[in-house]
Amino acid sequence: MTKIAFLQDRATLDRVFNAEQIEQLRAIGEVMLNEFDAQLTIEQTKQQIAGADIAITSWGSRPLTEEVLAYAPDLKAVLHAAGTVKPIVTPAIWERGIRVSNATEALGKGVAETALGVTIASLKDMWRLSQHTRNGAWGDRGRVKELFNVTIGVVGAGKAGSHYIQLLQNFEVRVLLYDPIITHEEAVKLGAAKVELDQLLAESDAISIHAPSLPATHHMFNRDTLAKLKDNCILINTARGSIIDESALVGELRKGRLFACLDVTDPEPPVEDHPFRELPNVVLLPHIAGAVNNGLYRLGAFIVNDIERFLKQGKMRGEISSEQLNVLA
């Protein structure tokens, strides 16, 4: 019988997997739950993974080193019920031929949906109008725009960016995509036109950032690139705070010519006296785009499905290779 081991504390496990999903796993094999009420130590991780065929990791799981993997000589797959696998994957995993999957597709859907909601709210000028209406004003609609006949720029066509583009197909908008990795043909299949970054910056009415945090994307949005944004452009970041040079963005925002919606900052949270907390043309959200509360169960459902796919078909939907790590978040 297939043995499935959970390698996260019980609170995290219960946040990501509901009772129905646990029962689905029990129908697949022997489920090795745990009652650890804090992040597992290395020794507890060894104890939990011992004899497992499949391991499920998540936020707070320990790296699966050779020392840990020695306790599971028959381990065939590791499924990460979170985003990036970088905190838990080690060279020993690839050397042993262990397959790896993560739930970035499930997370990406939540990110894309949030980005779309923020796009609509910002184009409609809802944030400002809500406050003005609360204060007694009415009918000030001069800045309102619809998701019609506007240009939306998308930076990064990973799981979140691709799903965001897919959602935009429901609207009559022009979608520009900057992503050095995909081809023009792949962009067209997604529903976007692949362009260079400068064109996207100059022509977009709203820009949604979905790039991974890599050395190449650090401060991609800096003083020079931000200066290329057209007046009244809306900049949305649900990716990573490090992609934006915050001091440069503050400088542009103080000119009053841009509007920013930031779900992520660098660091998180921003300091108490950060200008983002006071500038009227910033909406600051507490990193809610990916998966929160009931949305976390979408990750659990994805992992259960991928285990079933692995056992029946051999290929997992969220599977990644060692070569992909260099371009993944």
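Reader: How many bridges join strand 4 to strand 5 (residues 99-102), and do the two run parallel or antiparallel?

Author: This is a predicted model, in which local features need pLDDT of at least 70 and side-chain atom pairs count only at pLDDT 80 or more, while totals for chains, interfaces and linings use all residues. Residues are numbered from 1 along each chain as its sequence is written, and side-chain values use heavy atoms, with hydrogens and water left out.

Strand 4 and strand 5 run parallel and are joined by four bridges; strands here are DSSP runs of E with at least two residues, helices are runs of H or I with at least four, and both are numbered from the N terminus. Two strands count as paired if DSSP finds at least two bridges between them. Within this pairing, L79 stands opposite S101 of strand 5. Strand 4 also pairs with strand 3 (residues 54-57), again in the parallel sense and over four bridges, and there V78 is the bridge partner of A55.

In a regular strand the side chains alternate between the two faces of the sheet. Strand 4 (residues 77-80) is covered on both faces, since A77 and L79 on one side are buried, as are V78 and H80 on the other; buried means under 20% relative accessible area, exposed over 50%, and partly exposed in between, with a 1.4 Å probe and protein chains only.

Elsewhere in the model, seven strands form an open sheet with parallel pairing, in the order 8-7-6-9-10-11-12. Strand 8 (193-194) and strand 12 (282-284) stand at its edges with a single partner strand each, so one side of each is left without a neighbour in the sheet. Strand 12 pairs with strand 11 (residues 259-262) over three bridges in the parallel sense, and V282 is the bridge partner of A260. Helix 8 packs on the sheet and touches strand 6, strand 7 and strand 9, its direction making about 170° with that of strand 6. Strand 6 (residues 148-155) and strand 7 run parallel and are joined by six bridges, with L176 of strand 7 as the bridge partner of G153. Five of the seven residues of strand 7 (residues 172-178) are buried.

Helix 6 lies across strand 6, strand 9 (206-209), strand 10 (234-237) and strand 11, and runs at about 160° to strand 10. The axes of helix 6 (residues 104-123) and helix 8 (residues 159-168) come within 7 Å and cross at roughly 50°, where axes are lines fitted to C-alpha atoms, for helices over the stretch in contact, and angles run from 0 to 180 degrees between N-to-C directions. The contact (heavy atoms within 4.5 Å) involves residues of helix 6, among them T104, V111 and L116, and residues of helix 8, including H163 and Y164. Its residues divide into eight nonpolar, four polar and four charged; Ala, Val, Leu, Ile, Met, Phe, Trp, Tyr, Cys and Pro count as nonpolar, Asp, Glu, Lys and Arg as charged, and the others, Gly among them, as polar.

Helix 6 also meets helix 13 (residues 297-312), with axes that come within 8 Å and cross at roughly 145°. R298, L299 and F302 make this contact from helix 13. Helix 13 also holds K312, which is exposed at a relative accessible area of 70%.
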